[in-house]
Structure formats: C-alpha cells, structure tokens
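Visitor: I'm new to this one. Can you walk me through it?

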Amino acid sequence: MEPVNAIQAKDISKAYGEKVLFQGISLSIAQGQKVALIARNGTGKTTLLNILAGLDQPDEGYCTYKTGLRIAYLPQEPSFDPGLSVSEALLSVDNEQTRAIRSYEEFMGEAGNANDPAKAGELQKQIERMDSLQAWDYEQRVKQILTMLKVGNLRAKVKSLSGGQVKRLALARILIEEPGFVLLDEPTNHLDISMIEWLEAFLSRQKITLLMVTHDRYFLDSVCNEILEMENGIIHTYKGGYAHYLEKKQERKNAEASQNEKAINLLRRETEWMRRSPPARTTKSKARIQAFHELTDKAAKQQEAGAGEIRMDMARLGKKVLELQNVRKSYDSIAVVHDFSHVFNRGERVGVVGPNGTGKSTLLNIITRAVQPDAGKVITGETIQFGYFRQEGIKAENHKKVIEVITDHAERIRMDKDHWMSAAQFLRYFNFPNHMHHDRVEKLSGGEKRRLYLLTVLIKNPNFLILDEPTNDLDIDTLNLLEDYLLRYQGCLVIVSHDRYFLDRLSDHLFVFKNVGDIKDFPGNYTAYRKKQQQTTPAGKKTRKDEKTVRTVRPREKKKPSYKEEKEFELLDAAIQKLETEKIQLLEKMNAGHLSPEELVKASKRFQETEALINEKTDRWLELSELI
C-alpha cells in the first residue's frame, strides 16, 4: 500500500527581484515521515518553509495538502501579541481540551467555588468533563513541556521575554498542539544541551509528520529518517541518517567531478571555436553559442561551490600561554565563578558546557580580561593574541558592503609564511561568491551575517581562539568547513556550544558548569561525559526528574488523588510561579546597583531563601504530579 502524502510541492519557483532562489523544484512528504532539509545559508530554506506553511506563495507551481491536515510552523524568529501573558499565548489554541481546562481553571479561580456546597454539582460537572476529555493528562503534558523548556512564569507578559524565551514559548505551543504536520526552522537555537536531548527524545517518540531545517547533526540523525538537500536550486533526496547522507553525497560528487572534467575539456574546445567563429552565425552556430554560455555559467558555479578549505597562519605562540589562579567572580553576593584554577597549554582544546545562566560567558570575559575577577590572578603570556567570536553577532553597519567589512580589517590576509590572499579571494574561500561581495550587509541572511562575523575574527590570525555558540544559524557546509580549519588550528581553542557533534570533533576535555559557579574539568569529549553520567546512575533506576520526562501520566480513573491533594497541587503551581517572579525581581534589583550595602545583604539573603523554597516546592509538585 502506497503511503499517503501529507504534503506535496510541484514545480515551485521563487525569486526576489533578480535573485532566483529555486526554480521548478518538487518534493513530497508522506504521512509519518520525519525529514530534514539542509542547504547553504541564503539559498531559500526559510522561504521554502514559508511556502509549505502557506505563509508565502510561489511564483510558479503549487502545493497540495492532505484533507484536514493541521499545520504548525516554528519560524526562526516567532512572534506573539506582546500584550498576552505566557499562559494566554500557550492556551490560545482552540480545542475541546483547552476549553475544558480554561473553564475548570476559571471556576476554581472564583473565590469560594471549590468549598461552596451549592456549587458542588457544577464542580462535579467540571471534573467529569475533564475526565471524559482526558484533559488531566493533557494538562500534565503541558506542564511537562513547560518544565523541560524552562518556560517559567505563566503570568509574565510576552513583551517582557527575551528572544530565546519567545522561541522556547513558540516551540512549547507547537508541542502542546499536537498538529498533523510540523515545520521547524532551527528548533535547537536558544536551547541548552539538556533541552535539546529532551526534545530529541520527545520528537523521536511522537507519531507526527515533520520537516525541519537544522544544523545540529546529532539531532538530525536521531529524529529524521530522510534528508533533502537543496543545492543550486535542485532537491537531492537521501533515505537514511546523516552518515548515509555523507556517503551518498560523496558518491554523487565523485560522479559530478568526472562529468566536470569532461565539461572543462569541452569548454576549452568551445572557447577555441568561439574565437575562430565568423561573424555571420547560422542557426546551428547560435545554438552552439548559447550552449557555450550555459557551459561557462555552469563552470563558474562549480568553481564558486568548490571554494572550501581554509588554511591560515596564526601569530607565534610562546611557551607561556594562560594561567588562572583561584579566580573568583560574584555579582551581588552570587558566586558566578568560584575559586577556579587552570593552566592552559599550547594546542589545548576545551569545550564549555552547562545550563544557560551558570556563568559560562563570565568565565570567557575573565579569560580575555573584559571582566576583572574579584579575587585570584589571570596571568597571560606575552605572545597571546585573542580572537573572540561572541554570541551577539556582527557589529558591522548594515549599509556597508560585504567586501568593505573585510577590508576594514585588512586588504590582504596572510594564509601562511609565503602565501597571501586578497579580501575578495578570502571571501570566496569562505563561500561568499563574487556576486555577493558588493551586497549590503542588510541583505544577508542571519546565517550569512554570522559567517561574515566569523571571518572578521579569523582574519586577525589569533593564537587563542574563543568561540561562544559559533554554530547558531550556520549551515552544515560552513560547519564542516569551520571544523576542518579548527582541526588543523595549532593555537588554543575554547568553545561554548550546545552542538554535541561540534564539541565531540573539536574538544579534548570539558569545563562543565553544573550549577552557578561550580566548574568541573572532565577529561574527554561530550559523548564520553554523557556516558560517564549514565554510568553513575544506578542500573534500572531513574531520578524523579527523569521519570517525569519519560512516563505517561496515569489515567485519572485508575487512581484518583484526593481533593486535598488536587488543591495542594494547584496552589503549589501558583506558589512556584510567584516565587520565580520574586527571584527575577530580586536579581534585577541586585544587578541595578541602586541598593545600599544593608539592602544588598538583605536582598541576597532573600534570594537564597527563595531558591531553597522553589526547590522544596518543586520536589513536592513532582511528587504530586506522579500521583495526579
């Protein structure tokens, strides 16, 4: 029996002005398939997703969808009505379960309803409706997703959230909706590794149809069973995971290389004919001339696409590199880096991992002396030249041309002892073809801007390179290019990344941030670290938190909690949210610098008390959630 197509695109084309993104491409995704779409930055991946989601129209061609198919789309930069609360944004999906939950919560929220004997009948109706729709399980699913994606204060307004929090909110809403077809554009951006691993397991288990754009190769390999690669406006299909894709792509490239060699010989002969050809052209000659120009364009594209490998010189690195001695750094009595020591050696490769907000960026700023420690010493070798790729991205003005961004740093770039490159050659080397050199920065895609910023760091030939989340928005081709360069790099390398594949290839050991200020040095890459973590957990047992992420909540009818436990559970949820809000407000006050020393001590003490209360109430919430 042939699989039913959830979605099919037929001969679709899209151009913006003179820039043709793709022309006459077709694809189909069967119901239940999980597909990854990969392509270079700026080639139209996001545009294609917008067309498939119905948010944009192709210039030519059409899309067809399975009858009744519900589509959910996570864009790279999602948006909500800023006036909504987090809870309103999440539960704005209109289905029977969310209506039942809203009705129940409104009833329970009205003073006295729960304890009013006259309203006992209405309460029973609310509970029976929740039972019949299995809305209790739905509500627990919502809470589980929010917990894992760290969507905390449900009463906070969307306008108060950071870009990363809005992305996680949008992802949570999609997972809660359970649509028939899901499109995800870079879903792992703004997630830490623990969130990515949870999302990976979650999507692997779900019976959904999925198309996603991602640069995370481990994530892609675990979730998807097919890869679509868009290259030069053509879709290539690969059945299987990332390793199979690499193998089959290499076979295709080898076959194309053989054809290219023949094409180059043909081009040579045709060029000679064009020189000799008389001015009067026959119809046959004109056809041959057109074929010549097509061959020339094809050869130019292949030459541009072949610009790949980076080889660069670096400043001389002396014997003494960098030493951190008992370094400490606190912000308002919170120790972000606590008594940390390390001696860096030549050629050392360190991966930095840990939850967001645990002090990773502070450590990098201490290393580069952008921030001074409160105690301890930072001893830097005389020959050290830092290169620091920051999360914030490119600082170039939008009106500047791409080539001007590079020539502002250098007209010529030293590649090794006797080899120099012009700025244009350097851009081509890093997959910026000639036609892009005079484009304004504002015209670049997010990934192209990140790639250009990376060049401005590498162009200085640093001997101590720090990369803070370098993989966000970079395409897989660029990541492979960057990894190959870094594998040959002879200087010191420090990488903060949530990309496990990237960390595994490039790090020899890890700085692991377990909690704020608690940094451990692990002798191995990320996969070795995860295996060690799993070995330390007793066989056959899971932590309570792990159980919550993998267990399905037991049906309400099998074992009903008491009314008192249900009420306690609801009150706990509200109490935790209130404490989380207080914690954020305390942190803002302490960071503002307006408090007197006495007020600062008092606020710091209350901050620690609040954290302890949150942990205590969360443990009880988890205990009750298992019962409910």
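Visitor: How many helices and strands are there in the protein chain?
Guide: The protein chain has 20 helices and 20 strands. Keep in mind that this is a predicted model.

Visitor: What share of the residues counts as buried?
Guide: Of 628 residues, 47% are buried. The accessible surface is about 31900 Å². Carbon and sulfur atoms make up 49% of that surface.

Visitor: And the contacts, how far apart in sequence do they reach?
Guide: Take contacts between residues at least 6 apart in sequence. Of these, 70% join residues at least 24 apart.

Visitor: Let's go inside. Which residues touch the most other members of the largest nonpolar core?
Guide: Leu149, Leu175, Leu184 and Leu203 do, in a core of 58 residues. Helix α6, residues 163-177, gives the largest share of this core, with eight residues.

Visitor: What does Leu203 touch?
Guide: Leaving out residues up to four places away in sequence, Leu203 touches Lys34, Leu175, Leu184, Ile208, Leu210, Phe219 and Val223. There is also a second, separate core of 44 residues. Leu427, Tyr453, Leu465 and Tyr489 are among its members.

Visitor: Switching to rings. How many aromatic pairs does the structure hold?
Guide: It holds 13 aromatic pairs. One of them is Phe340 with Phe511. The ring centres are 5.2 Å apart and the planes sit at 80°, so this pair is edge-to-face.

Visitor: Where do Phe340 and Phe511 lie?
Guide: Phe340 is in strand β11, residues 334-344, and Phe511 is in strand β19, residues 509-515. The pair therefore ties together parts 171 residues apart in sequence. Both Phe340 and Phe511 are buried.

Visitor: What about Phe522 and Tyr529, how far apart are the ring centres?
Guide: Their centres are 5.4 Å apart. The planes are at 70°, so Phe522 and Tyr529 are edge-to-face too. Phe522 is buried at 16% relative accessible area. Tyr529 is buried at 10%.

Visitor: Which residues do ring pairs link into a cluster?
Guide: Tyr218, Tyr238, Tyr242, Tyr245 and Tyr501.

Visitor: New topic: loops. Where does Gln33 lie?
Guide: Gln33 is in the loop between β2 (19-30) and β3 (34-38).

Visitor: Is Gln33 buried or exposed?
Guide: Buried, because its relative accessible area is 14%, and the cut-off for buried is under 20%.

Visitor: What does its side chain reach?
Guide: The side chain of Gln33 reaches the backbone nitrogen of Ala30 at 2.7 Å. It also makes a polar contact with the side chain of Glu226, at 2.5 Å. Beyond four places in sequence, Gln33 touches residues including Ser28, Ile208, Thr209 and Lys239.

Visitor: And Pro78, where is that?
Guide: Pro78 is in the loop between β5 (71-74) and α2 (86-90). Pro78 is buried, with a relative accessible area of 15%. Its C-alpha atom is 6.6 Å from that of Ala170, which is 92 residues away along the chain. Pro78 touches Val166, Lys167 and Ala170, not counting residues up to four places away in sequence.

Visitor: Last stop, helix α15. What span should it have?
Guide: Helix α15 has 13 residues, 476-488, so at 1.5 Å a residue it should span 18 Å. The end C-alpha atoms are 19 Å apart, which agrees.

Visitor: What happens at the start of α15?
Guide: A side-chain oxygen of Asp475 comes within 3.1 Å of the backbone nitrogen of Asp477.

Visitor: Which residues in α15 are buried?
Guide: Ile476, Thr478, Leu479, Leu481, Leu482, Glu483, Tyr485 and Leu486 are.

Note on methods. Residues numbered from 1 in each chain as written. Heavy atoms only, no water. Helix = DSSP H or I, 4+ residues; strand = E, 2+ residues; numbered from the N terminus. Expected span 1.5 Å × (residues − 1). Buried < 20%, exposed > 50% of the residue type's maximum accessible area, 1.4 Å probe, protein only. Polar contact = N/O pair within 3.5 Å; in protein donor to acceptor, adjacent residues only side chain to side chain. Contact = heavy atoms within 4.5 Å. Areas by Shrake-Rupley, 256 points an atom, 1.4 Å probe, with all protein chains shown as cover. Core = buried A, V, L, I, M, F, W, Y, C linked by side-chain atoms within 4.5 Å. Phe/Tyr/Trp six-rings, centres within 6.5 Å; stacked < 30°, edge-to-face > 60°.
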